[in-house]
Amino acid sequence: MNDPSNAGLEPGLYIVATPIGNLGDLSPRAAAVLAGADLIAVEDSRVTAKLLHHIGTKRPMTPYHDHNADQVRPGLIARMGREAIALVSDAGTPLISDPGFKLVRDARAAGHRVTTIPGPCAAVAALTLTGLPTDRFLFVGFLPAKEKARGEAIAEIAAVRATLIFYESGPRLGATLAALAAGLGEREAGVAREISKTFEECVTDTLSALAARYAEAPPKGEIVIVVAPPGPRPAASADDADTLLREALTRMSTGSAASEVAKATGLPRRDLYARALAMKDEA
Ligand code: SAM
């Protein structure tokens with residue numbers, strides 16, 4: 001049954017971003033949706049109860065987290081046809097290293113209205129703090145805890161030409177920074193901690209210097225690591241270009257081979273085309 005207090009909220013799913021520390025960051029629209037929702041799907045009802053208390057309201061809550069999501073999702077989807085269901089996580093934007101993606105997917109598939117109330121997200125907040133390039137970034141989230149899997153995950157993204165964003169916890173920070181320094185090489189990086197809280201801090205340095213700083217003194221609180229993109233690619237030599245051209249010519253026309261190698265090496269296509277013609281003559 002719809003509660004009279006939800007007047008104005010259409011049935012459907014409302015994805016509501018909540019503060020990552022400072023309660024003042026809850027937007028008026030987020031507060032209005034939470035106050036008007038028929039039901040709020042929450043990670044931890046104690047955390048959300050505090051937020052509701054802050055805005056002077058009480059609403060029915062139901063747990064929605066990694067351990068029960070598959071069981072409770074169909075019931076929530078069914079209710080969305082006639083009620084306004086809000087989704088929150090303990091902090092920040094739901095779905096970002098938090099539950100919710102399958103709920104949104106199934107709500108859309110069922111034809112329900114899906115609305116997002118945008119707001120705080122630790123990844124974006126950290127990106128804005130560290131002073132590293134923001135034009136292209138990759139959100140990696142949490143790396144695996146085990147050393148081997150973590151090394152493999154880092155190797156997989158080492159060549160990505162974008163600023164990298166990782167979530168981390170204090171006790172694991174030193175080991176993660178050391179693994180990043182080993183796997184990504186020397187790059188500028190930032191450690192943003194306790195964003196929007198009393199002890200907000202952002203330390204920037206090279207990865208190895210940050211690893212040394214935090215090796216013996218794991219900091220408290222919630223942490224985002226931001227790492228600069230790799231430096232410029234080393235210029236390809238004439239021998240490298242010849243090797244690539246020779247291989248490409250076995251698969252494609254002279255023009256296409258020149259284009260492919262130009263893209264891979266950054267060398268001028270015109271020169272590569274001339275070189276490819278010469279190689280064909282030599283053959
Ligand atoms: N959904 C959240 C968001 O929008 O950012 C992230 C949830 S994830 C389970 C929690 C992680 O986010 C923490 O381990 C930390 O890496 C990061 N985080 C959350 N709040 C933070 C804060 N105030 N300062 C720094 N990092 C924070």
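Ala, Val, Leu, Ile, Met, Phe, Trp, Tyr, Cys and Pro are counted as nonpolar, Asp, Glu, Lys and Arg as charged, and the others, Gly among them, as polar. By this scheme the shell around the ligand comprises 11 nonpolar, three polar and five charged residues. The model is predicted: local features need pLDDT of at least 70, side-chain atom pairs count only at pLDDT 80 or more, and totals for chains, interfaces and linings use all residues. Residues are numbered from 1 along each chain as its sequence is written, and side-chain values use heavy atoms, with hydrogens and water left out.

The ligand is surrounded by 19 residues (a heavy atom within 4 Å). Thr93, Ile96, Ala122, Tyr167 and Ile223 are the closest. Domain 1 (4-120) and domain 2 (123-227) each contribute at least three residues to the shell; the bounds come from an automatic or database domain assignment. Strands β7 (163-169) and β10 (222-227) each supply at least two (strands are DSSP runs of E, at least two residues, numbered from the N terminus). β10 gives the most, with three residues.

An oxygen is 3.2 Å from a polar backbone atom of Glu168. The protein covers 91% of the 580 Å² of accessible area that the ligand has on its own (Shrake-Rupley method, 1.4 Å probe).

Conventions:
A polar contact is a pair of N or O atoms within 3.5 Å; within protein, one must be able to donate a hydrogen and the other to accept it, and residues adjacent in sequence count only if both atoms are side-chain atoms. Helices (H or I, at least four residues) and strands (E, at least two) are DSSP runs, numbered from the N terminus.
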